[in-house]
Amino acid sequence: MRLYEYEAKRLLAAYGIPLPQGQVISSPEEIAGDARRVLKVQVLSGGRMKAGGVKFADTEAEARAIAADLLGRTILNHKVEKLLVEERLQVEQEFFAAATHNLAQKQPVVLFSAAGGVDIETLAKERPEAVVSRAYNPRVGFHDFHARQMVGKAGLSGRPLMQLGAILHRLATLFQRMDATIAEINPIVQTADGRFLAADAHIDIEDDALSRHAELQEKYGIPKREAGARPPTPFELAAAAIDASDHRGVAGRMIEFDGQLGLLIGGGGASLTVFDAIRKHGGKPANYCEIGGNPSVRKVQRLVAHLLSKPGVEKIAVIMNVVSNTRVDLVARGVIKAIVERGEKPAEKIAIFRIPGSYEGDGFMILKKYGVTYCDRTVSIDEAARRAVAAFAAA
Amino acid sequence: MAILIDDATRIVVQGITGREATTFTKHSLDYGAKVVAGCTPGKGGESIYGVPVYDCVAEAVERHGANTSVISVPAGFVRGAVYEAVDAGVQLVVVVTERVPRHDVVDFIAFANERGARIVGPNSLGILSPPRAKAGMVGGPAADVRKAYTEGPVGIVSRSGGMTTEIANLLTQAGIGQSTCVSIGGDPMVGTTYMDVLPLFQEDPATQAMVIFCEPGGNAEETFSEFYVKGGSTLPVFAFIAGRFVDEMPGMRFGHAAVLVEGERGSTRTKMAAMRAAGIHVVEELHDLVGGLRAVLKT
């Protein structure tokens with residue numbers, strides 16, 4: 001779960017990392033008094049500066065006018081509901097600090113650079129020597145001396161070494177204790193008056209660890225939320241509700257597309273494979289979805305009914321990998337029941353049914369009874385997708 | 001021959017009294033795998049399909065010589081379970097559980113490294129070496145496993161458990177058998193990656209080629225490509241990458257936790273380019289694996 005900048009900064013503050021003075025506002029009137037300010041839109045995306053989401057003001061009137069303009073606008077696909085208004089810093093130098101995981105080395109890693117303020121990936125590519133990186137053993141931990149070593153390696157000494165070392169160490173501690181997948185401060189600003197402040201921050205907390213961080217809500221007022229490139233559609237929300245209604249197996253995770261061939265596909269890797277294969281053969285899917293585990297007949301039935309209720313969905317293709325856990329007969333029953341209850345014919349509505357594996361004998365018997373076109377494990381996913389698209393085109 | 005598991009593998013199932021674990025224990029026994037013990041704290045003395053249950057993994061190791069553990073316990077208990085298995089001397093730990101926090105994963109991997117043990121998973125469906133060895137739920141009931149998997153020269157490594165069986169089945173239908181099939185797990189952080197498995201297959205006399213099933217997200221394929229070139233491996237590697245449509249939808253998560261494309265990062269386009277440049281055979285469609293493999297396999 002990605003945190004808003006102002007939420008990330010609440011965590012930084014709690015871990016003793018100094019911040020610019022600031023306030024979060026949702027209306028221009030909350031700004032009072034003349035001051036040199038920066039106003040930043042609070043959206044869950046990088047690249048705010050380029051997108052016009054960061055503005056500067058010198059007076060109250062100016063700041064209020066900018067706030068009125070920014071609030072309610074859509075920036076980087078996100079609606080602006082809050083602004084973070086901070087003192088404008090006189091920048092002497094900018095630094096970069098981050099903690100994340102190196103997935104290939106399977107270790108946490110801490111990064112520091114004295115060339116902050118720019119995109120770190122560009123920096124790492126163009127001037128790798130400017131980024132000091134250190135993987136650490138989580139059983140030993142990342143200590144303050146590690147931080148000082150890194151900052152020293154970046155060419156700093158004296159008071160800056162101590163100040164920046166402390167920030168880096170506290171950031172790594174936050175990363176570890178809060179189950180973050182990334183904790184980044186870019187830039188840390190050294191101001192003209194000698195302060196070291198976290199000017200911008202990006203923190204993601206791992207979704208799978210949220211259950212053990214009640215303090216996010218209770219202590220820091222950070223609510224749990226579903227993230228995505230766009231908010232879920234009503235159709236997707238209804239599918240998620242069906243999935244959540246019954247703990248047995250997965251039958252949901254639908255994502256809406258604008259085609260007309262409904263897909264009942266699974267599991268994780270196979271759904272990706274099937275979706276590609278359908279498109280490769282010229283099919284236009286109405287949705288992506290996943291079934292897996294061992295969902296009940298009722299759950300499958302409800303999901304299929306939901307899928308068929310989508311305007312324009314004329315036929316559905318039911319394709320999975322060779323299953324070991326999901327029962328073919330239960331899925332077949334669920335699909336057929338949903339169609340029959342709509343007063344329609346399974347043989348006409350199902351473009352193809354290709355789920356080989358566990359209880360396939362019973363499953364195929366049911367399909368046969370209703371005259372549904374099905375295939376067994378001798379037919380590949382690619383071929384099943386081709387047949388589904390052909391059946392859809394012929395109708 | 002095979003890698004990771006074979007006839008010498010003696011399995012302890014941690015969390016054996018859970019519904020899923022009970023089921024795959026039965027299936028493994030039916031297939032001929034040696035599930036020698038189970039562990040569920042507080043249920044010592046019970047038995048599951050004739051497999052004795054103990055309170056501690058150490059007992060299973062002492063009494064039955066267990067050398068491999070399959071962990072199927074709730075996510076919050078996985079870290080402790082891995083520590084227990086590794087501390088008891090188990091050398092291979094397969095974590096089936098999904099949604100294990102990443103900070104726990106790096107921590108128990110570090111402990112396993114200290115003790116020279118190997119972690120497969122989390123979120124792995126298991127490992128299967130036909131004709132008898134099976135650790136975890138991969139393949140399902142024995143009769144289904146025998147339909148999809150046959151003994152032979154191809155190693156399979158997959159980020160998707162279901163696709164492990166799909167690919168084995170595709171090869172079996174074409175008369176191509178498998179040495180060992182590893183579901184490495186769909187999470188961004190897993191204990192055993194393509195890179196870790198390649199040298200094992202390279203050393204295995206029974207394996208003539210390796211197939212990897214890839215997904216968008218993360219950088220495992222890119223890192224593997226570099227490793228493949230640098231390591232000078234002579235083992236032919238075939239790759240299929242699913243989810244090419246995900247490239248067009250940055251920021252949207254599909255399926256496994258790792259499947260997320262951010263800008264160019266994690267896109268299938270860059271993965272395919274990196275693998276092709278490294279000399280890995282990237283096939284366009286899944287069934288193209290058959291033709292590609294036939295061209296390199298010695299009969």
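## Fold of chain B

In this predicted model, residues 24 or more positions apart supply 71% of the contacts in chain B that have a separation of 6 or more. The secondary structure of chain B consists of 10 helices and 14 strands. Its radius of gyration is 19 Å, close to the 19 Å that the globule rule gives for 299 residues, so chain B is as compact as a globular protein of that length.

The C-alpha trace of chain B spans about 55 × 45 × 30 Å along its principal axes. Buried residues make up 59% of the 299 residues of the chain.

## Nonpolar cores

The largest nonpolar core contains 155 residues. Within this core, A:I319, A:V335 and B:V93 have the most contacts. Helix α10 of chain A, residues 328-341, gives the core its largest share, 8 residues.

Leaving aside residues up to four places away in sequence, A:V335 touches A:L264, A:V300, A:V304, A:V318 and A:I350. Another core, of 43 residues, lies apart from the largest one. Its members include A:L12, A:F96, A:L156 and A:F196.

## A helix pair in chain B

Two packed helices are described by the angle between their axes and the distance between the axes. For helix α8 (residues 220-231) and helix α9 (residues 268-277) of chain B, the axes come within 9 Å and cross at roughly 10°. Angles under 35 degrees count as roughly parallel, and α8(B) is therefore roughly parallel to α9(B).

On the α8(B) side the contact is made by B:E221, B:E222 and B:S225. These meet B:T270, B:K271, B:A274, B:M275 and B:A277 in α9(B). By class, the residues of this helix contact are 3 nonpolar, 2 polar and 3 charged.

## Contact between chains A and B

How many residues does the contact take from chain A and from chain B? Chain A gives 42 residues and chain B gives 53 residues. On the side of chain A that touches chain B, the elements giving two or more residues are β8 (107-113), α8 (268-280), β15 (287-292) and α13 (381-394) of chain A.

Helix α8(A) provides the largest share of that side, 9 residues. The side of chain A that touches chain B divides into 14 nonpolar, 18 polar and 10 charged residues.

Notes: Residues are numbered from 1 along each chain as its sequence is written. Chains are lettered from A and ligands numbered from 1 in the order in which they are written. This is a predicted model: local features need pLDDT of at least 70, side-chain atom pairs count only at pLDDT 80 or more; totals for chains, interfaces and linings use all residues. Helices (H or I, at least four residues) and strands (E, at least two) are DSSP runs, numbered from the N terminus. The radius of gyration is taken over C-alpha atoms; the globule rule is 2.2 Å times the number of residues to the power 0.38. A residue is buried if 20 or more other C-beta atoms lie within 10 Å of its own, exposed if 12 or fewer, and partly exposed in between; C-beta atoms are placed from the backbone. Two residues are in contact if their C-beta atoms, placed from the backbone, lie within 7 Å. A nonpolar core is a set of buried Ala, Val, Leu, Ile, Met, Phe, Trp, Tyr and Cys residues joined through C-beta atoms within 7 Å. Axes are lines fitted to C-alpha atoms, for helices over the stretch in contact, and angles run from 0 to 180 degrees between N-to-C directions. Angles under 35 degrees count as roughly parallel, over 145 as roughly antiparallel, 65 to 115 as roughly perpendicular and the rest as oblique. Ala, Val, Leu, Ile, Met, Phe, Trp, Tyr, Cys and Pro count as nonpolar, Asp, Glu, Lys and Arg as charged, and the others, Gly among them, as polar.
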